[in-house]
Amino acid sequence: MRFAVCVLLLSLWGSHVMAKELVAAAERVHLGPGATDFVARVDTGAAISSLHATEIHLLQSGNSQQVRFSTENRLGEKLTLTLPVVDTMRVRSAQGSERRYVVLLPVSFRGTQRTIKVNLKDRGHMTYRLLLGRNWLSGHYLVDVDRPTSPE
């Protein structure tokens with residue numbers, strides 16, 4: 001009886017795991033309306049994804065706030081976006097604490113587009129200009145750190 005229960009539980013667990021795609025520790029994704037190509041770091045330690053942003057300007061229109069910002073991938077391809085602010089968040093790091101704007105951004109990966117929350121931060125000095133957090137992973141992907149980055 002115990003064996004049958006174990007087999008049943010393993011098969012149920014296995015079907016749940018297999019429903020998720022494997023991703024590498026770094027993946028190539030496309031952002032925004034121009035589908036600008038970014039190699040993103042997949043970070044299971046980050047709750048919310050983070051995007052390199054400069055020239056961040058808050059725009060007030062009545063009761064709604066928008067933010068205009070520029071982002072740039074490692075190839076120097078620049079993208080300027082104006083998006084509604086959906087939240088602000090306080091982020092703590094070794095350098096201290098700071099407040100960041102959060103926007104909804106379309107991210108395309110392997111032919112599927114999803115809109116996720118990303119916070120805006122100048123990441124120009126970092127290797128990866130886009131960090132994909134658990135909000136991108138959850139329910140869709142499992143990380144395999146030995147897997148090579150997708151060539152897409």
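In this predicted model, Ser61 has Ser64 of strand E6 as its bridge partner. The pairing belongs to a run of antiparallel strands in which E5 (residues 54–61) joins E6 (residues 64–72), and E6 in turn joins E7 (residues 78–93). The structure also holds six salt bridges, and several of them are described below.

**Strand pairing and hairpins**

- Strands E5 and E6 run antiparallel to each other and are paired over six bridges.
- Two residues separate E5 from E6 in their hairpin, and Gly62 in that turn has a positive phi of about 65 degrees.
- Strands E6 and E7 are also antiparallel, with seven bridges between them.
- Within this second pairing, Ser70 stands opposite Thr80 of E7.
- The hairpin formed by E6 and E7 has five residues between the strands, and Gly76 in the turn has a positive phi of about 85 degrees.

**Salt bridge between Glu21 and Arg110**

- Glu21 and Arg110 form a salt bridge through their side chains, with an N to O distance of 2.7 Å.
- Glu21 belongs to strand E1 (residues 21–23), while Arg110 sits in the loop between strand E8 (96–109) and strand E9 (112–121), so the contact ties together parts that are 89 residues apart in sequence.
- Glu21 is partly exposed, at 37% relative accessibility.
- Arg110 has a relative accessible area of 25% and is likewise partly exposed.

**Salt bridge between Arg28 and Asp37**

- The side chains of Arg28 and Asp37 make a salt bridge at 3.2 Å, N to O.
- Arg28 has a relative accessible area of 22%; because a residue counts as buried under 20%, Arg28 is classed as partly exposed.

**Salt bridge between Glu98 and Lys121**

- A salt bridge joins the side chains of Glu98 and Lys121, with 3.2 Å from N to O.
- This pair links distant parts of the chain, since Glu98 is in strand E8 and Lys121 is in strand E9, 23 residues apart.
- Glu98 is partly exposed, with 29% relative accessible area.
- Lys121 also counts as partly exposed, at 22% relative accessibility.

Note on methods
Residues are numbered from 1 along each chain as its sequence is written. This is a predicted model: local features need pLDDT of at least 70, side-chain atom pairs count only at pLDDT 80 or more; totals for chains, interfaces and linings use all residues. Side-chain values use heavy atoms; hydrogens and water are left out. Two strands pair if DSSP finds at least two bridges between them. Helices (H or I, at least four residues) and strands (E, at least two) are DSSP runs, numbered from the N terminus. A salt bridge is a side-chain nitrogen of Lys or Arg within 4 Å of a carboxyl oxygen of Asp or Glu. Buried means under 20% relative accessible area, exposed over 50%, partly exposed in between (1.4 Å probe, protein chains only).
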